[in-house]
Amino acid sequence: MLQNKLSYAFPIEASDFTKAGDAAGKIKKILKLAGLPATVIRRVAIIAYEAEMNIVIHSVGGSLSLDLTSTRVEMASQDNGPGIPDIDLALQEGYSTASDEVRALGFGAGMGLPNIRRNADHFCIQSEVGVGTNLEVWIDIGVS
Amino acid sequence: MENSFHSVRLLEEECKGCTNCIKHCPTEAIRVYQGKARIINELCIDCGECIRVCPNYAKQTIIDELKEIHEYPYTVALLAPSFFGQFPNATVNQVHQGVKDLGFNLVAQVGYGAEHVNFAIRQWMQENPLRPLISSACPTIVRLVQVRFDELVDHVIPLEAPVEITAGLVREQLAKEKGLSDKDVGVFFISPCPAKVSAIKIPIARGQSQITAAISMREVYGAIMSKLATIPKDVVLETDLLASALGMLWGRRGGEVYALEGTRVSVDGVYNVINILEDMAMGKLPEVDYLELQACPGGCVGGPLVTQNPFIAKARLEALCNGLPAAPKWDRDDLLYRYQKGDYFWKLPLQSKAVLSMDGDISTALSMIKQREIIEKELPGLDCGACGSPTCQCLAEDIARGMASNNDCIFHLRQAVQYVAADLWRLAKQVPPTIASQQVLNAMDEEDDNEDK
Ligand SMILES: Nc1ncnc2c1ncn2[C@@H]1O[C@H](COP(=O)(O)OP(=O)(O)O)[C@@H](O)[C@H]1O
Ligand code: SF4
Ligand SMILES: [Mg+2]
């Protein structure tokens, strides 16, 4: 049987701190309407927010997408550069290249990618310097 | 037993069906239907915002009456800290005595219980690493978390509110010192808000409240005002259930966290609280240890049932605190014993009351969400409220849930009328020429020509 599926893509602008968090908020609202368990919503909200912020803070702009079925929440972020030179390093807790200005706004603790990985059932990040970064995660509903 | 009691109710006769309340409700719990506002019980958090904004005074609090005290052999009044800020130039003792003179056998200050809660919060924070913790003192906030932020219920500190703790301490003292049994003692809370009333009728996480009934601050205000002048400023109070400044300051924003350790954030006003909970749900508050959240502007001094301007009441309360001992004389062993015995804790785990989901079955819910989006695209996006829903998006949701129809939107309706009118026009022109006057037909054609230009 063909599964019911909802798909969304939210464009995200670089350095736009006023709108930052909007996409994650919309994703959370959709999951609440769908009646997903609170544990799933919590994890998705954290992932969505961190992924969105990474595009805002570290990239030249991109998008965050959500694909939702009754068994799985899939999210993907893509941006158009600058890319991550050393992914293993970027995944380390506390590693951050955020500027002092961005740190002054309360970002740049270097916990975003580690938290995304910790909260996801599947996590895959690919990046090419000069091209962009793609992140793909999913959370299985009911296996929390 | 009914498990969704709400003390905020609508007085139908007074409601004119305007859209003030639907626009201001922080949980989108109100719709106007057939010309009257309806509160959706499952969504209502008893914050009282609708009471504040209703220009027709059609939103009221269901509350007990003072005359009920005659039904009990022994009566106690519990006074919230915010109450003491309601009276100009009155001392704490005068206000306390003024309430006693209304006919109570004993008056106890809720700030006294707040000090016990303060101790319990500190103890809990030492023993439990989960952060940030959300205060449980304001029942509106606890309900808000239950219905809208159920992913955060674990973060709500599982302690009874000061008023419940105070009621327990009073009953214990009366049993020990006067041999009074629970049923002979009527404990009346003089409440600043409908939320506390609801929390007494249907306790948040315990079987039954130890408080007998709640009376509105407004109801007793006048009677006490008129008595104050006859009471000496330094009247001696015959009870030890009194608050120090530490407990008394719980009446305004910042009082609860004053004596706690760590990073504390105090937020007042229900919309501000929703914003910070949204942030917390996204993991944005990693450095925060404790969130003091109060639904009312300024804290309980700004409750929907208080009489005075909240800023004035806050200033008065702070001035009164200058004359009080800074902190209670705690018997730490006794408090720790009570803590370990479980006296301060909710008796049941806090339940999620998530109500946003479109359907119990996820797959069905997904199709309804899809439908909602299709409907929303056809609505004008003006959020005018004439349909009785607070926003176009909310109407789309209601339609998808089968609770409303497209034609509730006046723009939609107008378009539908336009189609019908066009049909009528065409039909009218098809009337046999022997019957219609040629003059009318000519006029109709002219009209159509004008339209085309
Ligand atoms: N979309 C991205 N584009 C480029 N660099 C990124 C991107 N996302 C993460 N990074 C790099 O990975 C580092 C670690 O990311 P993260 O763990 O989220 O911490 P933080 O955002 O606090 O710096 C960032 O400082 C940045 O150098
Ligand atoms: S802030 Fe105080 S007065 Fe306002 S709803 Fe909460 S408990 Fe009641
Ligand atoms: Mg980051």
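Visitor: Does A:Ser96 count as buried or exposed, and why?

Guide: Buried means under 20% relative accessible area, exposed over 50%, and partly exposed in between, with a 1.4 Å probe and protein chains only. A:Ser96 counts as buried because its relative accessibility is 19%. This is a predicted model, in which local features need pLDDT of at least 70 and side-chain atom pairs count only at pLDDT 80 or more, while totals for chains, interfaces and linings use all residues. Residues are numbered from 1 along each chain as its sequence is written, chains are lettered from A and ligands numbered from 1 in the order in which they are written, and side-chain values use heavy atoms, with hydrogens and water left out.

Visitor: Which residues is A:Ser96 in contact with, leaving aside its neighbours within four places in sequence?

Guide: Contact means heavy atoms within 4.5 Å. For A:Ser96, the partners beyond those neighbours within four places in sequence are A:Arg103, A:Gly108 and A:Gly110.

Visitor: How many residues surround ligand 1?

Guide: A residue is near a molecule or strand if one of its heavy atoms lies within 4 Å of it. Ligand 1 is surrounded by 17 residues, and A:Ser96 is among the closest, together with A:His58, A:Asp79, A:Thr97 and A:Gly110. By class, this shell has seven nonpolar, nine polar and one charged residues; Ala, Val, Leu, Ile, Met, Phe, Trp, Tyr, Cys and Pro count as nonpolar, Asp, Glu, Lys and Arg as charged, and the others, Gly among them, as polar.
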